[in-house]
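Please read them alongside the sequence and the coordinates.

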Amino acid sequence: MPSDVKQPAFVLVRPQMGENIGAAARAMWNFGLDRMRLVSPRDGWPNPASVAMASGAGRLLDDAVLSEDVAGAVGDCDLVFATTARQRGMTKPVYSPEEAMREAASRIASGGRVAVMFGPERAGLENADVAQANAIISVPVNPEFPSLNLAQCVLLCGYEWRRASAGVEARRDEMAGAEWASAIEVDKLAEHYEERLDEAGFFFPDHKAPAMKLTLRNLWSRMPLTREDVRTLHGIMRQMVRWKERG
């Protein structure tokens, strides 16, 4: 059975190849989507060719809802998106995939039901299909080569759904057990280097010394140092001084 996670239904309209249905299922499940609906698959359903391509996402194929037409596939939804790369000459709002999935997440969070339609591989959705949608999703592709593989388009929308609904971190630091150095630890490191460099005559001529020391302080403050980094840099300077003294 599909999961209890609230999510949009992804509707494959007249898909032509079982392999592409399987690849679409895999792309959906990569991002936690398991509401697949199929409208009149060309080669019938179930299709053995889809199973191998699903690669671990076979449960989506088992639970896929089969409909004879678009109206039957999206009739229970109050917001329906149609994906297309072509101008349709219709008066409808046009969303980027990112903004469409934000809207989907907002609507679903408010209790709405959302569907996203994907057209057949050869030519995409027909105008009659798009006419049944409330809005269009247009992918900013190369105008000289706008055709997307079915599973690629599903993957792209699935990724944007995940970003909109799962609180994906834009950036994080993988610390691997390390801890960031504190301000005082970095300050003591800066003092250590400043003292040793002063002894070595690095700050020359004298009138430039304050500016040179300020530059070094800024360098240390910009560096994202862990405590282990600080210990290592202290150790490097100590060893260099010992080496000099032995000479």
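Predicted model: local features only at pLDDT ≥ 70, side-chain atom pairs only at ≥ 80, totals over all residues.

1. Main core. The largest nonpolar core has 32 residues. Phe 10, Leu 12, Met 36, Phe 81, Phe 118 and Val 154 have the most contacts inside this core. Leaving aside residues up to four places away in sequence, Val 154 touches Phe 10, Leu 12, Ala 24, Ala 27, Met 28 and Phe 118. Apart from this core lies another, of 15 residues, including Val 13, Ala 82, Val 130 and Ile 136.

2. Helix H8. H8 covers residues 183-199, which is 17 residues. From first C-alpha to last, H8 reaches 24 Å, close to the 24 Å expected at 1.5 Å a residue. Its buried residues are Val 186, Leu 189, Ala 190, His 192, Tyr 193 and Leu 197. Seen down the axis of H8, these buried residues fall within an arc of 160°, so they line one face of the helix. On the other side of H8, Ile 184 and Glu 199 are exposed. The cover over the buried residues of H8 includes helix H9 (209-222) and helix H10 (227-246).

3. After H8. Gly 201 follows H8 and has a positive phi, near 80°. The loop between H8 and H9 also holds Pro 205, and a cis peptide bond joins Phe 204 to Pro 205, with omega about 0°.

4. Salt bridges. The count comes to 23 salt bridges. Glu 98, Glu 99, Arg 102, Glu 160 and Arg 163 are linked in a network of them.

5. A bridge between two loops. Arg 113 forms a salt bridge with Asp 76, and the closest N and O atoms are 2.7 Å apart. Arg 113 lies in the loop between helix H5 (97-109) and strand E6 (114-118), and Asp 76 in the loop between helix H4 (70-74) and strand E4 (79-83), so the pair ties together parts that are 37 residues apart in sequence. Arg 113 is partly exposed, at 43% relative accessibility, and Asp 76 is partly exposed at 36%.

6. Arg 107 and Glu 103 meet through their side chains in a salt bridge, at 3.8 Å from N to O. The two are four residues apart in helix H5 and are therefore separated by about one helical turn. Arg 107 is partly exposed, with a relative accessible area of 29%, as is Glu 103, with 24%.

7. A bridge between sequence neighbours. Asp 43 forms a salt bridge with Arg 42, with 3.2 Å between the closest N and O atoms. Asp 43 is partly exposed at 46% relative accessible area, whereas Arg 42 is exposed at 52%.

8. The other cis proline. Trp 45 and Pro 46 are joined by a cis peptide bond with omega of about 5°. Pro 46 lies in the loop between strand E2 (36-39) and helix H2 (48-54).

9. Arg 14 is not a glycine, yet its phi is positive, about 45°. Arg 14 sits in the loop between strand E1 (9-13) and helix H1 (18-30) and is partly exposed at 24% relative accessibility. Ser 55 also has a positive phi, near 45°. Ser 55 is in the loop between H2 and helix H3 (58-63), and at 45% relative accessibility it counts as partly exposed.

Methods:
Residues numbered from 1 in each chain as written. Heavy atoms only, no water. Core = buried A, V, L, I, M, F, W, Y, C linked by side-chain atoms within 4.5 Å. Buried < 20%, exposed > 50% of the residue type's maximum accessible area, 1.4 Å probe, protein only. Contact = heavy atoms within 4.5 Å. Expected span 1.5 Å × (residues − 1). Arc of directions from axis to C-beta. Salt bridge = Lys/Arg side-chain N within 4 Å of Asp/Glu carboxyl O.
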